[in-house]
Structure formats: structure tokens, C-alpha cells
Amino acid sequence: MTTPADVPDVRDPEQPGRLLTIEREALIPLLRGRAGEDFARPVAACPGWTVRDVLAHCSAALTRVAEGRFEEGVFSPESNDRDIAERAGWSDAQIVDELERGMGAAGPVIAGAGGKLDGLALGEWVHAGDVREALGEAGAYGGAGLPDALALLARITRERGHVALHADLDDLDEPLRLGESGGERPPGRFIGDGPTLVRLYAGRPVDGVPAFELAGVEAKELNIFG
């Protein structure tokens, strides 16, 4: 998967749902085999939340999308906290069941939303990486979904007019262009691997990751969820 700088953006409406489906096939079996105490582990990327909290947030968000429930204030911190609280009496298995259903059912709705919900699919995939990391599993912010995640990230940052960055990735044959410069400043430059680039754009810690180079832009400028 490559995205050369001179190729115009063309939205693939199936891409967000495909990303969720790929992650579902990897994450759900991993969760099914976990002991109850693992769901109580803290998630460093989401201060104050446990693995269970992150999963409850994700399952609730995807269920809302699948059911078309977008009331005022949806996806706000307050709304997210209510969703988690509403599931306090659920078993861990029930939360995983809802997550599994949502990761499949939300795709067609996102596909038909014209791009408005594409960022939500990317965010849910990132949260799956948060959970993987909290559980000490390999492949956080990577794996089989990485090519779709990078392509989605690149398009979203360009559509939003985010700070421009040219990334030379170990995972791709050609440079990835993210954001738009608008002529005001030259693009920044990243050299490293795809999961580290995802971490930077998601505002996740980069301690202990493989060596990378970032020039012409500060890491805090890349965060699309901040």
C-alpha cells in the first residue's frame, strides 16, 4: 500500500469498515482468552480508564453508529463516561460481545456517511492498540490493519488541512504525504515505522519504540485527537 504525493485523494467507502473487521478478527479472540483481572489493567493512553473502560467506550460508540443514535453531545467526554457507567453491571464477556457486533455492524453505516465518520473508525482502531499495549501484547498500532489505517490517516489529515508531513516509512515502498502545507511552511519529515507514526498522530507515548526521526514539526502538532 502506497500513497505517492502526486496521487489525488479518492475515498474508499469500504476502508473504515474493513479496518474494523480486520481488527475484530485479531482483537476479539485475544480478549476471549483473558482472565478477569486483565480487564482491570490501567490503560496508559487513557488516564483513569481500565481495559474494560476502553472496551466499553468502543463498544458503545460502535453500537451508536450502527443504530444511528447521534443525540446532542454524543461522543463528548460526558457522554463517554455515561456509556461506560451504563455498562457497569455487564460482565466482561457481554462487553466483548457488544464490541464484536459493533465492529461488524458499524462498517456499512460509516461507508454510507460520506466520510463524516471515517475518523471514528480510525479512533476505534487506535483504541484497540491501546488495549493491546495495556495487555502486553505485540502489534499495538500495527498488524494487518496498518496499511488501511495509514491510508485513512493520510486522507483525513489532508482533508482537515492538518500540518503537512512527508513520511518515509519502513512499511511502505513510497513516501506517505499527510496534511496540507498551504504554502505557509515546508512539510515536516518523518523517518521510521508505521506504528510509531500512528502513535505520534494519536498522541500516544513513544517511549521504547524503534528509533525514528522527526524534523520540521513538533510531535504535539501532529496529534489529531488532541
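In this predicted model, the largest nonpolar core comprises 30 residues, and Leu31, Val51, Leu55, Leu99 and Val131 have the most contacts inside it. Two or more residues come from each of α1 (15-32), α2 (51-67), α4 (92-111) and α5 (118-134). The greatest contribution is that of α2, with seven residues. Beyond its neighbours within four places in sequence, leucine 55 is in contact with Leu31, Phe39, Ile95, Leu99 and Val131. Apart from this core lies another, of 29 residues, including Ala149, Val163, Leu172 and Leu222.

An unreviewed UniProt entry places the feature "domain: Mycothiol-dependent maleylpyruvate isomerase metal-binding" at residues 23-103. Over residues 23-103 the chain is 60% helix and 0% strand, with the end C-alpha atoms 8 Å apart.

The whole structure contains 24 salt bridges. The table lists some of them.

| Pair | Closest N and O atoms |
|---|---|
| Arginine 18 and aspartate 12 | 3.0 Å |
| Arginine 34 and glutamate 137 | 2.3 Å |
| Glutamate 98 and arginine 87 | 2.9 Å |

Arginine 34 lies in the loop between α1 and α2 and glutamate 137 in the loop between α5 and α6 (146-159), so this pair ties together parts that are 103 residues apart in sequence. Glutamate 137 is partly exposed, with a relative accessible area of 30%.

Glutamate 98 lies in helix α4 and arginine 87 in the loop between α3 (77-86) and α4; the pair therefore ties together parts eleven residues apart in sequence. Glutamate 98 is buried, at 5% relative accessible area, and arginine 87 is buried at 7%. Arginine 18 is partly exposed at 32%, and aspartate 12 is partly exposed at 27%.

A network of salt bridges links Arg11, Asp118, Arg155 and Glu159.

How values were computed: Residues are numbered from 1 along each chain as its sequence is written. This is a predicted model: local features need pLDDT of at least 70, side-chain atom pairs count only at pLDDT 80 or more; totals for chains, interfaces and linings use all residues. Side-chain values use heavy atoms; hydrogens and water are left out. A nonpolar core is a set of buried Ala, Val, Leu, Ile, Met, Phe, Trp, Tyr and Cys residues joined through side-chain atoms within 4.5 Å. Buried means under 20% relative accessible area, exposed over 50%, partly exposed in between (1.4 Å probe, protein chains only). Helices (H or I, at least four residues) and strands (E, at least two) are DSSP runs, numbered from the N terminus. Contact means heavy atoms within 4.5 Å. UniProt positions are given in the numbering used here, feature names are shortened, and annotations may be inferred rather than shown by experiment. A salt bridge is a side-chain nitrogen of Lys or Arg within 4 Å of a carboxyl oxygen of Asp or Glu.
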